[in-house]
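Please read it alongside the sequence and the model below.

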Amino acid sequence: ACTPPDKAVGDTQEKEPDVAFDGLDRGDVVIGFIGSDRPDFDRVALQAFEDSGLAASYLSVAEVEDPARAAQQGVKDMAERQVAIIVVSRLDIADDTADGWDEALDDARGAGIPVALLNPLSDLPDDTLYAAALTINDRAADAVPIDDAVMTIIDDLPHDKDMMVGTLVDE
């Protein structure tokens with residue numbers, strides 16, 4: 001199966017592999033981006049991806065009746081599409097949506113697709129369901145460019161579970 005034991009997809013390397021891996025070419029990457037309740041926030045990340053040559057398929061849940069359920073279905077749909085990574089913006093787990101999130105993220109895990117949480121509002125109790133939590137801070141000098149963080153996760157290279165990322169792309 002595609003699921004590593006006791007690890008999240010995209011979070012299995014604790015050290016650089018002995019054999020160098022070139023990784024996916026940026027032109028071949030499609031990010032499944034599950035939007036949040038704040039489309040302006042989402043646009044910042046989407047623009048950073050575009051500026052760095054990464055394509056994203058965006059699902060907005062800002063104006064739907066049940067945003068959590070729409071986002072969960074979006075994760076399942078992106079898993080079926082076999083995107084390179086699924087980024088979930090501002091994940092917010094309430095008691096009545098927890099099971100749906102576990103199921104949706106487990107579908108991505110079962111498909112072998114890493115998941116990154118972007119500025120999550122809630123912690124997931126099962127850290128095998130996501131490779132990293134990314135927090136945007138464009139003022140932090142040590143922030144990793146968001147596109148580099150996503151490529152690191154896709155290529156399953158060593159990374160922190162919690163990563164500070166920036167959206168400003170060098171020209």
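In this predicted model, seven strands form an open sheet with parallel pairing, and their order is β2-β1-β3-β4-β5-β7-β6. The edge strands, each pairing on one side only, are β2 (55–59) and β6 (144–145).

**Strand pairing**

- Strand β1, residues 30–34, runs parallel to β2 and is joined to β2 by five bridges.
- Within this part of the sheet, Phe33 stands opposite Tyr58 in β2.
- Strand β5 (residues 132–136) and strand β7 (residues 162–166) also run parallel, with four bridges between them.
- Ala133 has Asp162 of β7 opposite.
- At the other edge, where β6 pairs on one side only, two bridges link β6 to β7 in the parallel sense.
- Pro145 has Gly166 in β7 as its bridge partner.
- In general, strands of a sheet pair through backbone hydrogen bonds, in either a parallel or an antiparallel sense.

**Helix packing**

- Two packed helices are described by the angle between their axes and by the distance between those axes.
- For helix α1 (residues 39–51) and helix α4 (residues 146–154), the angle is about 75 degrees and the axes are 9 Å apart.
- That angle makes α1 roughly perpendicular to α4, because angles of 65 to 115 degrees count as roughly perpendicular.
- On the α1 side the contact is made by Ala45, Ala48 and Phe49, and on the α4 side by Ile146, Asp147 and Val150.
- By class, the residues of this contact of α1 with α4 are five nonpolar, one charged and no polar.

**Surroundings of Asp37**

- Asp37 is found in the loop that lies between β1 and α1.
- Along the chain, Asp37 and Val61 are 24 residues apart, while their C-alpha atoms are separated by 6.4 Å.
- Apart from neighbours within four places in sequence, Asp37 is in contact with Ala62 and Arg90.
- Asp37 and Arg90 also belong to the lining of the largest pocket.

**Pockets**

- The largest pocket holds about 210 Å³ of space.
- Its lining has 13 residues, and those closest to the centre of the pocket are Asp37, Pro67, Ala68, Arg90 and Asp92.
- Helix α2 (residues 67–81) gives the most to the lining of the largest pocket, contributing three residues.
- Sorted by class, the lining of the largest pocket has seven nonpolar, three polar and three charged residues.
- The second largest pocket holds about 160 Å³ of space.
- Its lining also has 13 residues, with Ala143, Val144, Pro145, Gly166 and Leu168 nearest the centre.
- Six nonpolar, four polar and three charged residues make up the lining of the second largest pocket.

**Cavity**

- How many cavities of 30 Å³ or more are there? The count comes to one.
- The largest cavity has a volume of about 30 Å³.
- The residues that line the largest cavity include Ala8, Val9, Leu105, Ala108, Arg109 and Ile113.
- Also in the lining are Pro114, Val115, Thr128, Leu129, Tyr130 and Ala131.
- Helix α3 (residues 98–110) gives the most to the lining of the largest cavity, with three residues.
- The lining of the largest cavity divides by class into 10 nonpolar residues, one polar and one charged.

Methods
Residues numbered from 1 in each chain as written. Predicted model: local features only at pLDDT ≥ 70, side-chain atom pairs only at ≥ 80, totals over all residues. Heavy atoms only, no water. Axes fitted to C-alpha atoms, helices over the stretch in contact; angles between N-to-C directions. Parallel < 35°, antiparallel > 145°, perpendicular 65-115°, else oblique. Contact = heavy atoms within 4.5 Å. Nonpolar A, V, L, I, M, F, W, Y, C, P; charged D, E, K, R; others polar. 1 Å grid on protein atoms, 1.4 Å probe; cavity = no way out; pocket = protein on both sides within 12 Å on 5 of 7 lines; lining within 4 Å. Points joined across faces, edges and corners; volume = space filled by probe spheres on them. Pairing = 2+ DSSP bridges.
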